[in-house]
Amino acid sequence: MPGQRRKRRISLLSWFGKRDVFYLTVLVVAWIASGYAGKMKRGLREVLSPAPIQVPAAVEDEDIRRQIEARLRTEMEEELEREIAAMKQAAADKEARALAEAERRETDYQPRLGSVTDVRKLRSGIPFTTEIDITQGGIASIERADDDSYAALYQLSLRRPAPAKTMEELLKTSPDLGKILPGLPDILAEAEVSKWFHQLYDNKITRIRRDAHTLNEVLTKHNLYDCETILHMRAPDGSPLFLMQAEMDVVSDGSDGDRLPGMPDAIVNSTHYQPFTSYGWKKRTKTPNPMVAGWEKRLENARRELADPATTAQRQAWLRDRIEYLKRGIADLKARSFLIAEYDPFIVIPVNLLTARETFAPDVGDYAVVIHEGKIYPGIVGDGGPTFKVGEASLRMAREINQRASPYSRPVSDLKVTYLVFPGSREEQRGPPDYELWKQRCAELLQGIGGLGEGYQLHAWKCLLPKPEAESEPEPPVENALTPPPASGAAAPDTAPPARSEEASGTPQ
């Protein structure tokens with residue numbers, strides 16, 4: 001162990017340089033002391049506090065809580081990576097400044113704006129304009145001591161969007177919507193703008209206020225304006241309807257050992273891939289979830305680091321919390337199955353809506369249809385997402401809309417996707433996806449609001465999961481032409497092969 005620690009120190013020195021290791025150590029300790037666990041608790045309170053929650057079954061509540069915790073942990077880990085990257089950049093900038101200063105003394109140096117300091121190259125897509133105001137001041141010795149004599153004022157301006165409410169406004173982004181849903185105009189006449197539309201933009205603005213001092217990390221313009229509207233409507237029979245127009249981002253979470261016993265090592269060992277979805281059910285076979293191996297490896301590494309005497313007290317506290325999280329996750333993966341975003345068509349709804357337990361709030365398992373460019377795709381609400389953005393669907397749904405879609409490339413960047421959810425329509429018992437049932441139920445629910453227009457029909461999903469290898473079967477006996485027929489009244493030999501069970505035949509369960 002001492003030898004291993006010595007090697008780690010040598011590696012670190014060679015990476016940053018000896019003169020920067022001290023600064024790195026101070027920054028890392030400061031980050032840990034800043035309250036990682038406190039951020040997690042505040043995040044959970046923020047997500048769960050907006051409205052009183054009437055918790056139904058314990059398992060369903062645990063689904064949502066696990067989803068929130070997993071996403072918050074991922075955000076914290078990504079934040080740590082960004083801070084480490086910033087520290088590296090700061091070290092590189094320091095060295096670059098020293099080199100530039102040396103060059104300036106020897107030549108007429110023309111300074112170049114760097115990738116971090118050049119505000120004209122913000123990744124957030126926010127136009128940055130400058131204006132220089134020059135007034136006459138006093139003598140230099142006085143102005144030099146006055147902080148206000150040479151100062152920069154930064155003001156971030158944004159317009160809060162209004163929701164689309166009329167059929168005319170909805171048709172601006174989805175021109176065929178009235179033809180696809182001929183009964184929508186009558187229903188829309190009594191529609192109300194959802195309070196969650198306003199809450200969504202409240203959450204966005206709160207996040208922008210928090211991050212405004214770091215322009216390159218502030219919410220992008222694209223993600224600020226990602227929702228055209230959220231409306232509450234009622235079908236002719238009084239059933240609630242939830243309509244949202246937005247873009248479409250991609251989620252790639254989920255795992256199920258029963259249906260997909262093997263996954264690539266890159267996913268199994270990934271620290272960012274989430275093997276859970278909010279929609280889950282009790283495992284039906286003894287085939288282990290492939291993600292268990294990766295999580296057990298992470299658990300072993302955490303325990304090893306915790307036992308290392310060189311681990312700081314702050315790090316030990318973080319590791320204990322992580323170990324408990326990993327243990328709960330492993331137990332869940334061994335007991336339950338989940339949707340698989342690469343194979344199952346589902347949409348994602350912000351977790352604060354899933355926990356609202358209100359009439360118009362979508363719930364996990366509720367049936368939904370996605371409408372885009374004349375196509376109607378059936379599915380369910382399968383997962384929970386952030387509270388500050390909307391418009392997400394599984395990788396399977398995304399690739400059906402745009403073959404180029406991937407976890408890193410959204411299928412639709414414009415606000416041209418209509419999500420129609422039927423709150424309260426979920427099945428009483430959860431189980432593996434049944435695409436034909438999903439299509440049938442969505443067709444029935446659409447019929448209740450006037451049906452689809454002439455020439456339009458629901459998309460039929462096909463199972464793309466690799467079929468399990470069929471068990472070997474005994475060969476039927478070959479009839480011997482020389483064998484005499486049985487005597488009159490004798491029973492004929494049974495030459496038919498034994499019947500196969502559904503499991504042995506490879507039929508998806």
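This is a predicted model: local features need pLDDT of at least 70, side-chain atom pairs count only at pLDDT 80 or more; totals for chains, interfaces and linings use all residues.
Cys463, by contrast, has a relative accessible area of 44% and is partly exposed. A search of the whole structure finds 0 disulfides, a disulfide being a pair of cysteine sulfur atoms within 2.5 Å.

Residues are numbered from 1 along each chain as its sequence is written, and side-chain values use heavy atoms, with hydrogens and water left out.

Now the chain as a whole. The protein chain has 16 helices and 10 strands, taken as DSSP runs numbered from the N terminus, with helices being H or I of at least four residues and strands being E of at least two. Of its 509 residues, 41% are buried. If we take contacts, meaning heavy atoms within 4.5 Å, between residues at least 6 apart in sequence, then 79% of them join residues at least 24 apart.

Let me turn to the interior. A nonpolar core here is a set of buried Ala, Val, Leu, Ile, Met, Phe, Trp, Tyr and Cys residues joined through side-chain atoms within 4.5 Å. The largest such core has 75 residues, and those that touch the most other members are Met233, Met244, Met248, Ile347, Val370 and Leu420. Strand β3, residues 240-251, gives this core its largest share, namely 8 residues. Leaving aside residues up to four places away in sequence, Met244 touches a set of residues that includes Cys227, Ile230, Ile349, Val390 and Tyr419. There is also a second, separate core of 21 residues, among them Trp295, Trp318, Ile340 and Leu465.

Finally, some backbone angles. Arg357 is partly exposed, at 22% relative accessibility. Glu373, likewise not a glycine, has a positive phi of about 50° and lies in the loop between β7 and β8 (375-385). With a relative accessible area of 62%, Glu373 is exposed.

Notes
Buried means under 20% relative accessible area, exposed over 50%, partly exposed in between (1.4 Å probe, protein chains only).
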